[in-house]
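Visitor: I have not looked at this one before. Can you put it up and take me through some of its surface and its charged pairs?

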Amino acid sequence: MPAVIFPFRKQIAYACGMVGWSMMTNIIIVMLPYFYLPPSNAGLKPLIPQLMLFGVLNILSVIAASGRFIDALFDPFIASLSDKSDNPKGRRIPFMKWAILPAIFFCFLTFCPVEKGESAKNAVWLTCTLILFFMSVTSYIIPYNALLPELTDTASEKVKLSSFQQVGFVLGMVISGFVNNYADLVQKFLHIISRDSAVQYTIGGLSLVAGFFLVIPVLFINEKKYSSSKPSHLPLLPAIRQTFSNRNFKYYLISDFSYYIALSIISSGLLYFVTVLLGLPESDGGPLLGVMVLVSLMFYPLINYLSKKIGKKPIVLFSFCLLCITFIAIYFLGKFPISPTAQIYCLLLLASFPLAALGILPNAILAEIAQDDAIKTEENREGMFFAVKYLFVKMGQTLGIALFAFLTVYGKDPGNDYGLRLNGLCGFVLCLLAVIFFSRFREKRRV
């Protein structure tokens, strides 16, 4: 239980950390395929060869997967160190503090290729910088999320803090979604001719802004004052085994994994869907994302209310079903008998409720799973639960990027867009799997 009530201003400070993390990770998700393997109408030069390995995987898919694989091995290690830490300043904040500068540095370097044209050297550089970036942000986000069950007591408090956290996430997503709009301003006011350079300056500036948000929880939250949890004494491998032995956690994890693959497909493909399938300018991507986020924010009070009245499980299942419809609609984008602008707005409005619900509720659900497990086993392994979750989140994001990059082989340009449409079918199947597995989750209703 928290040592004292966690005040509102501290909840806002906590949510700021998610803004910074969201900005950095969404810059990678949205801009990585677009920057290194741009469509023909983007004004950018391809920077890595479109090679196929084993006739199935293109090189960008392999690079993204290798970076996440190394990071995935690093997740439980950081979680175990954090769970067992007896640092006098707390188990979480000290780890977060030292991760901030490396995260800023490697987020920027990821978009600074060593060659200005298509080159295998760029592929090697990208692999190294991605691995180091992922390891840096992992060292922040695992301890950060482990704080959530430690700073709250009741189920409603967890949903509330998770809501603030999700507001931070979508705010970071919106800020990072305007990369191309910011790059337009950089080109205009700094008189930069090269589009590549304008994007690099923009991402460098955004990395610094993200770092500022990451610092706020470190400076303004006194962990020892608001958390009274004790270090775990379980070694790494037994801690992992006990975490996976939780039945509810297994079904939660599989459905969450499927969701993040699907979400990464949307994030990676948004600029392609806008410019290729609908023929709209790339500068529309940021404002469209902003509209979706603003509409989703309007659902937050409703989701908080419904979660108390009917529980979290029905809302999550309904949200997955809505996403199934959304992905089917992606397959037919540009073919509906209405204007392209109307099509994309209808799609984003359809996705806004599930994105709100699936942003707020899963972390609150996991905090309850971790807290119930701590009561049952008398071991505080919140960090390990969130480490395993984020291991699968990152694997899901990687597979989403890899799947999207792979399907672009079958068409990613105007008049040759079948690969982009296939992503809609893949997203539908993934969300359907999430419905099937989460339906087996046993929700414990709480007063």
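Visitor: Is Phe336 buried or exposed, or partly exposed?
Guide: Phe336 counts as partly exposed, because its relative accessibility is 35%. Buried means under 20% relative accessible area, exposed means over 50%, and partly exposed is in between, with a 1.4 Å probe and protein chains only. This is a predicted model, where local features need pLDDT of at least 70, side-chain atom pairs count only at pLDDT 80 or more, and totals for chains, interfaces and linings use all residues. Residues are numbered from 1 along each chain as its sequence is written, and side-chain values use heavy atoms, with hydrogens and water left out.

Visitor: Where does Phe336 lie?
Guide: In the loop between α13 (312-331) and α14 (340-377). Helices here are DSSP runs of H or I with at least four residues, numbered from the N terminus.

Visitor: Other topic. How many salt bridges are there in the whole structure?
Guide: A search finds seven. A salt bridge is a side-chain nitrogen of Lys or Arg within 4 Å of a carboxyl oxygen of Asp or Glu.

Visitor: Which residue does Arg421 pair with?
Guide: Asp417, with the closest N and O atoms 3.3 Å apart. Arg421 counts as buried because its relative accessibility is 6%. Asp417 is buried too, at 18%.

Visitor: And what does Glu115 meet in a salt bridge?
Guide: The side chain of Lys121, at 3.7 Å from N to O. Glu115 is partly exposed at 31% relative accessibility, while Lys121 is exposed at 53%.

Note on methods:
Helices (H or I, at least four residues) and strands (E, at least two) are DSSP runs, numbered from the N terminus.
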